[in-house]
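Subject: Structure handover

Hello,

Here is the structure I promised to pass on. Please open it first, then read my notes below.

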Amino acid sequence: MRFEARETIPQWLPWMTIAGACVGTLCFAAVLIAAAGAPPLVGFKELFIGSFGSRNAITETGATATPLIFTGLAAAIAFRAKFWNIGVEGQLYAGALAVTYFGTGLIELPPFLMIPFLLIVACVAGGLTLLPMVLLRQFMRVDEVVTTLLTNFVIILLVSYLLEGPWKDPYSLGWPQAAAIIDAGVLPQLVPRSRLHLGFAIAIIAAIVIWFVQSRTIFGFSSKAVGLNQSAARHSGISVTKTIIFIGLLSGGMAGLAGATETIGLKGYLTLDLSPGFGYTGIAVAMLGNLHPIGVIFAAIFMAIIYVGADAMSRAIDVPTYLADVIVATTVLAVLIGQVLVRYRVVIRG
Amino acid sequence: MILDFLEVLVNAGFWAATIRIACPLLLATLGELVCERAGVLNLGIEGIMSIGAMVGWTAVYMGADLSTGVLVAALVGAAFGLIHAGFTVYLGASQHVTGIGITLFASSIGYFAFRLLLPSSTTPPKITAFQPLDIPILSDLPFLGEAFFQHTAFTYLAFLAVPLVLWLLNRTPFGLAVKVAGENPMALEAQGIDVLSVRTLALVIGSALMALGGAYLTMSAFDAFYFGMVNGRGWIAVALVIFASWRPSKALLGALLFAGLDAYQVRAQQLAGAVVPYQFFLMLPYLLSIVAMVVAAKTTQYPKALLTPFRRGERH
């Protein structure tokens with residue numbers, strides 16, 4: 001058995017292999033549900049009812065998909081240029097810190113100004129958090145994977161310090177949480193009496209804007225070129241460093257927005273458990289979305305179904321909720337196999 | 001006040017803690033080093049440590065003896081090394097994404113299995129972990145005894161891994177093949193040696209070492225398994241490999257230096273805790289790892305074929 005490089009890649013093929021990866025992952029999940037002593041079909045039924053079976057379930061799935069679209073975009077933008085930003089979790093918290101700093105009374109504007117202002121500062125905070133690592137990689141050849149990963153731990157400790165110290169809300173009855181975002185800065189609900197907020201719409205708009213930027217602008221072209229072959233891009237006159245810096249700012253900015261919408265949309269105040277690993281799940285979302293902004297939207301909804309559904313399933317038939325994390329991880333590996341099958345055809349004998 | 005900070009250094013407990021903290025880092029760093037010398041970056045390290053910690057502990061909890069637990073951890077680590085090799089060596093998939101995928105997969109499946117085996121236990125149960133060995137004469141020495149000769153068998157095993165890896169890389173034909181696979185795989189192929197098998201074996205050995213690093217946490221340093229207990233040690237090990245410029249002896253130095261700073265940090269926290277919030281002390285290991293990478297970046301020589309998949313018959 002050997003691999004033979006394909007000369008042409010049909011456009012539908014990557015999406016086919018991704019669909020295959022989803023099916024493969026769900027088969028693996030079925031094995032795990034069975035291992036937990038529950039019938040897999042009942043498990044999937046509970047999962048689906050829990051994430052789509054009622055008005056409340058659907059809005060919950062949308063609310064969970066919101067940060068995942070942003071973190072998925074953050075990872076997809078960076079990975080497309082082969083810039084391995086694994087620090088999305090930290091940049092998410094940086095965005096949350098920024099909206100907490102400005103949104104808890106420091107500045108008061110009417111809502112139509114306050115909300116865009118908070119989103120912009122979160123975006124900037126996320127981008128600036130990633131910037132040092134971009135510069136270290138471009139100018140000192142320091143591997144960005146490790147630096148961005150380590151920064152996650154540093155930022156989460158910083159959040160912990162602020163929430164237990166200077167930013168602690170005196171009315172929080174001892175819980176480490178920050179003061180509430182002022183009313184003018186809170187995102188309105190999309191569906192009344194639910195947790196689905198305007199952030200979901202903003203996330204979809206962001207994905208469409210990024211799609212436009214990537215497919216219709218010079219920056220989009222050069223960021224793709226940098227990802228495919230850095231030295232070829234350099235020789236054709238693209239400033240690689242400039243492109244990577246822009247990519248870093250944009251990627252970190254999306255991560256910052258994830259933290260912002262969670263804080264001003266979902267929770268209303270910053271806590272230390274704002275993100276249960278949305279930054280890492282974003283990597284899986286990006287892979288499953290084929291690093292395509294529109295693909296990311298669907299991949300994020302898929303992951304949200306898994307998360308919300310696995311919660312419901314665990315309550316109904318007692319399968320550990322960690323099943324959702326296993327599914328997320330398995331999709332990354334399954335999509336990787338799919339990507340190889342896109343680039344190479346498997347030749348058995350010959 | 002300044003004297004208090006210096007006094008820590010003449011405290012035998014500080015040195016003993018340094019040795020203890022160094023062990024998991026040392027094993028993980030050596031494991032990553034073996035993989036990278038063969039040309040494969042193994043970012044599965046954090047997850048492999050986590051599952052090593054979980055299976056080693058669980059085996060003992062289920063009734064196996066400690067040495068069997070260690071063996072089980074190593075075997076599970078090796079199995080994940082094999083999975084990594086399947087993706088990166090045979091399929092030529094991105095080493096970055098594969099590694100992150102393996103980390104997510106190994107830790108989540110470990111947590112899932114742990115919850116299945118021990119449903120809803122709020123206080124983690126304990127095992128009888130490795131106990132300090134009593135070495136005649138040496139253990140009773142004043143200061144030196146407490147600092148260096150009252151450790152567990154697992155601790156000495158971790159330090160023994162340094163000469164073992166040195167011997168493997170520098171004195172055996174396999175070690176030579178590993179190094180060539182990481183520098184110039186075509187040359188290895190020209191000798192009629194299968195690059196893919198060499199890289200696979202290096203990943204298997206390296207990942208087993210990583211899992212042992214994790215198992216040290218639950219079987220020697222502590223006696224229970226917690227979620228998230230590896231806490232970035234794997235990523236720190238990746239930084240230490242760069243700091244050590246891919247040399248086992250420098251990895252030993254790096255792990256000890258790092259562990260010393262960490263042990264010192266805990267004690268300084270007690271002295272300065274009132275003035276400086278503890279979170280800033282906890283940040284130090286991560287910040288220091290970044291600094292170490294920046295310092296090493298100028299002079300460092302990466303294995304030339306690191307991150308490059310090898311395909312037979314394809315030109316590079």
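A search of the whole structure gives four salt bridges over all chains. Keep in mind that this is a predicted model.

**Salt bridges**

Start with A:Arg195 and A:Glu60. Their side chains meet in a salt bridge, 2.9 Å from N to O. A:Arg195 sits in the loop between helix 6 (144-164) and helix 7 (199-216) of chain A, while A:Glu60 belongs to helix 3 (residues 55-80) of chain A, so the pair ties together parts that are 135 residues apart in sequence. A:Arg195 has 43% relative accessibility and therefore counts as partly exposed.

Next, look at A:Glu144 and A:Arg137. This salt bridge also has an N to O distance, given as 2.9 Å. Are the two partners buried or exposed? A:Glu144 is buried, because its relative accessibility is 3%, under the 20% cut-off. A:Arg137 counts as buried too, at 15%.

Chain B has a salt bridge between B:Glu183 and B:Lys304, with the closest N and O atoms 3.7 Å apart. Distant parts of the chain are linked here: B:Glu183 is in helix 8 (residues 173-183) of chain B, and B:Lys304 is in the segment after helix 13 (278-297) of chain B, 121 residues apart. B:Glu183 is partly exposed, at 36% relative accessibility. B:Lys304 is exposed, with a relative accessible area of 62%.

**Aromatic rings**

How many aromatic pairs are there over all chains? The count comes to 25. One of them joins B:Phe154 and B:Tyr216. That pair is edge-to-face, with 5.3 Å centre to centre and 70° between the planes. It links distant parts of the chain: B:Phe154 lies in helix 7 (residues 153-171) of chain B and B:Tyr216 in helix 10 (residues 195-221) of chain B, 62 residues apart. Both rings belong to buried residues. B:Phe154 has 2% relative accessibility, and B:Tyr216 has 0%.

There is also an aromatic cluster with members from chains A and B. A:Tyr322 comes from chain A.

**Chain A as a whole**

The secondary structure of chain A comes to 13 helices and two strands. Take helix 13 (residues 322-343) of chain A. At 1.5 Å a residue, its 22 residues should span 32 Å. The end C-alpha atoms are 33 Å apart, which agrees. How many of those 22 residues are buried? The number is 16, so helix 13 of chain A is largely enclosed by the rest of the structure.

Now the overall dimensions. With 350 residues, a compact globule would have a radius of gyration near 20 Å. Chain A has 21 Å, which agrees. Its C-alpha atoms fill a box of roughly 75 × 60 × 35 Å, taken along the principal axes.

Of the 350 residues in chain A, 57% are buried. Among contacts in chain A with a separation of 6 or more, 76% come from residues 24 or more positions apart. Chain A exposes about 14800 Å², and carbon and sulfur atoms supply 67% of that area.

Best wishes

Conventions. Residues numbered from 1 in each chain as written. Chains lettered and ligands numbered in written order. Predicted model: local features only at pLDDT ≥ 70, side-chain atom pairs only at ≥ 80, totals over all residues. Heavy atoms only, no water. Helix = DSSP H or I, 4+ residues; strand = E, 2+ residues; numbered from the N terminus. Buried < 20%, exposed > 50% of the residue type's maximum accessible area, 1.4 Å probe, protein only. Phe/Tyr/Trp six-rings, centres within 6.5 Å; stacked < 30°, edge-to-face > 60°. Expected span 1.5 Å × (residues − 1). Rg over C-alpha atoms; globule rule 2.2 N^0.38 Å. Contact = heavy atoms within 4.5 Å. Areas by Shrake-Rupley, 256 points an atom, 1.4 Å probe, with all protein chains shown as cover.
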